[in-house]
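Trainee: Could you go through this model with me before I set anything up? I would like to take it topic by topic.

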Amino acid sequence: MKPAFYITTAIDYPNGAPHIGHAYEKIAADALARFKKLDGFDVFFLTGTDEHGLKMAQTAEKQGLTPLEWATKNATRFQQMDALLGVDYDRFIRTTDADHAASSQAIWQRMVEAGDIYLSAYSGWYSVRDEAYFAEDETIVGEDGVRRGPQGAPVEWTEEKSYFFRLSAYQDKLLAYYEAHPDFIRPDSRRNEVLSFVKGGLQDLSISRTTFSWGIPVPGDADHVMYVWVDALTNYITGVGYPDTDSASFRRYWPADLHIIGKDIIRFHAVYWPAFLMSAGVEPPKTVFAHGFIHNRGEKMSKSVGNVIDPFDLARAYGVDALRYFLLREIPFGQDGSYSHEAIVARTNADLANDLGNLAQRSLSMIAKNLSGTLPEPGPLAPDDADILAGADALAGKVRAAMDGQQLHQALGELWSVVADANRYFAGAAPWELRKTDPVRFGTVLWTTAEVIRQVAILAQPFVPTGAAKLLDLLAVPAGARSLDSLGEGGRLTGGTALPPPAPVFPRYVEPEAANPA
Ligand code: ME8
């Protein structure tokens with residue numbers, strides 16, 4: 001039986017169209033999920049939308065729609081984005097799904113039974129945009145007379161009855177948990193941030209609202225809906241069958257192996273979420289990984305600045321493989337990064353079109369032209385052939401180590417360093433000269449090049465699924481020989497195989513004005 005691997009993304013607020021930050025996270029999680037599948041894991045990949053809360057209700061009202069209509073409209077856009085970008089999830093959960101209400105009410109009930117939920121009153125400066133209360137000293141009054149929270153969103157003085165979660169009782173348990181599970185929060189910088197926050201002391205958390213009704217009702221008290229984050233976090237267990245903890249899927253997939261989220265929501269995932277789970281008697285997830293933010297030319301994206309990037313536009317302009325490759329290669333996973341037209345064009349043309357695409361095109365065309373499209377048999381290997389093959393054979397271990405540490409950019413760095421070596425090897429061997437002078441050596445160089453491309457293509461599948469599959473098609477690699485266990489010596493290409501006619505795999509990006517001169 002394959003080992004299980006359960007990976008999730010944050011569930012997005014469908015309060016508008018998806019932006020490039022949403023796309024980035026889903027692409028990264030997809031690449032990790034695809035990699036684990038290729039590595040022999042039984043992967044469950046959950047993503048979805050977070051549809052409750054005051055903000056959703058207010059925007060829906062402005063649009064003249066019910067909150068559910070508004071959420072549905074946008075959830076559809078998020079699903080279309082996933083389909084376009086090749087985000088191959090197993091379930092798209094919406095927090096308005098019927099099983100999710102039952103699951104959220106069940107975890108609430110468990111927390112009540114544990115004695116961790118009590119009714120009290122809450123007052124404070126509430127930000128609708130952040131869905132959060134702030135202490136007075138976290139707010140400032142601007143020159144316009146408007147009081148704002150730490151993120152710049154206006155806050156209003158709000159008083160309401162509220163249920164509270166006894167988070168203060170979890171400080172020591174959380175610290176002990178972090179200590180015993182050094183990989184629970186990654187990368188390390190985030191772990192340190194969370195540790196110092198928790199060491200500073202935890203206050204009980206207001207977890208219900210009475211001022212609006214667009215949420216999951218609190219069991220036994222129809223005046224309250226759950227604070228949106230309680231229901232949002234619970235999606236991760238709903239997705240695998242909670243509250244049926246004896247179900248096959250829950251037993252198989254929980255605890256989750258990896259929650260992929262952005263750095264702005266680490267506190268919810270690394271503090272509140274494990275505390276809720278401990279209270280409800282459910283094991284916390286194994287790893288929460290916080291990625292960085294994508295900025296537009298170094299500037300923070302915001303609707304008011306008008307520099308929000310539409311992932312549909314990007315995919316149309318550059319192609320899906322190029323967009324995925326750029327995002328995962330350019331930005332060290334865990335750090336902030338920037339998007340610009342020049343940067344994506346440079347990566348697309350240098351790495352994909354030139355280094356990998358051209359190498360495949362040149363070597364496969366030689367086979368087509370000179371050897372009637374039949375992959376040659378290698379002769380005796382020269383030291384250069386053996387070296388480049390050894391480099392390719394070593395990739396599996398290096399890429400696996402990088403992926404297991406969520407270092408996607410590093411995995412791509414390893415792959416493209418072998419691609420660069422292969423280009424040097426090919427240029428140095430000069431097969432176009434060997435064709436007449438030394439046909440055996442000619443065949444050996446072409447076979448060796450093809451074999452290196454095979455291994456690179458297998459490992460590139462999680463990142464550039466379309467182009468990698470095309471490369472493997474061009475090498476006539478059967479569907480059953482495209483996973484990691486076909487890497488290395490055991491899976492070598494066999495000379496004598498008939499190859500299909502070569503075709504370009506990674507197109508160069510050409511500026512539209514250059515492509516269509518007026
Ligand atoms: O936070 N760059 O939803 P959300 C990279 N519903 N990532 C970004 C980004 C950017 N510019 N902007 C946002 C929520 N993100 C909650 C999550 S999970 C139980 C509930 C990331 O739509 C952000 O960090 O505001 C988060 O991981 C995800 O996109 C959804 O953000």
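Trainee: Which residues does UniProt list for "domain: Methionyl/Leucyl tRNA synthetase"?
Mentor: The unreviewed entry lists residues 6-138 and 155-363 under that name; UniProt positions are given here in the numbering used for this model, feature names are shortened, and annotations may be inferred rather than shown by experiment. Keep in mind that this is a predicted model, where local features need pLDDT of at least 70, side-chain atom pairs count only at pLDDT 80 or more, and totals for chains, interfaces and linings use all residues. Residues are numbered from 1 along each chain as its sequence is written.

Trainee: How much helix and strand is there in residues 6-138?
Mentor: That span is 48% helix and 25% strand, with its end C-alpha atoms 37 Å apart. Helices (H or I, at least four residues) and strands (E, at least two) are DSSP runs, numbered from the N terminus.

Trainee: And which residues does the 'HIGH' region cover?
Mentor: The UniProt annotation, again from an unreviewed entry, puts that short sequence motif at residues 12-22. Over residues 12-22 the chain is 27% helix and 9% strand, and the end C-alpha atoms are 7 Å apart.

Trainee: Switching to the ligand, which residues are the closest?
Mentor: They are Ala10, Asp12, Gly21, Asp50 and Gly262, out of 19 residues that surround the ligand, where a residue counts as near if its C-beta atom, placed from the backbone, lies within 6 Å.

Trainee: Which element gives the largest share of that shell?
Mentor: Helix α1 does, with four residues, while β1 (4-12), α1 (20-38), α7 (228-238) and β14 (258-262) each supply at least two. By class, the shell has 11 nonpolar, four polar and four charged residues; Ala, Val, Leu, Ile, Met, Phe, Trp, Tyr, Cys and Pro count as nonpolar, Asp, Glu, Lys and Arg as charged, and the others, Gly among them, as polar.

Trainee: What about the largest nonpolar core, which members touch the most others?
Mentor: Of its 142 residues, Ile7, Ala28, Leu415 and Val456 touch the most other members, and helix α17 (residues 439-460) supplies the largest share of this core, 12 residues. Such a core is a set of buried Ala, Val, Leu, Ile, Met, Phe, Trp, Tyr and Cys residues joined through C-beta atoms within 7 Å. A residue is buried if 20 or more other C-beta atoms, placed from the backbone, lie within 10 Å of its own, exposed if 12 or fewer, and partly exposed in between.

Trainee: Is α17 mostly covered or mostly open?
Mentor: Helix α17 is mostly covered, as 19 of its 22 residues are buried.

Trainee: What does Leu415 touch?
Mentor: Leaving out residues up to four places away in sequence, Leu415 touches Leu395, Val399, Val456, Leu459 and Ala460, a contact being two C-beta atoms, placed from the backbone, within 7 Å. Leu415 is among the buried residues of α15, together with others including Leu412 and Val418.

Trainee: One more, is Ala280 buried or exposed?
Mentor: Ala280 counts as buried because 22 C-beta neighbours lie inside 10 Å. Ala280 is found in helix α9 (residues 266-280) and touches Ile107, Arg110, Met111 and Ala114, not counting residues up to four places away in sequence.

Trainee: And Tyr177, what is that in contact with?
Mentor: Apart from its neighbours within four places in sequence, Tyr177 is in contact with Phe184, Pro274 and Pro284. Tyr177 sits in helix α5 (residues 171-180) and counts as partly exposed, because its C-beta neighbours inside 10 Å number 17.
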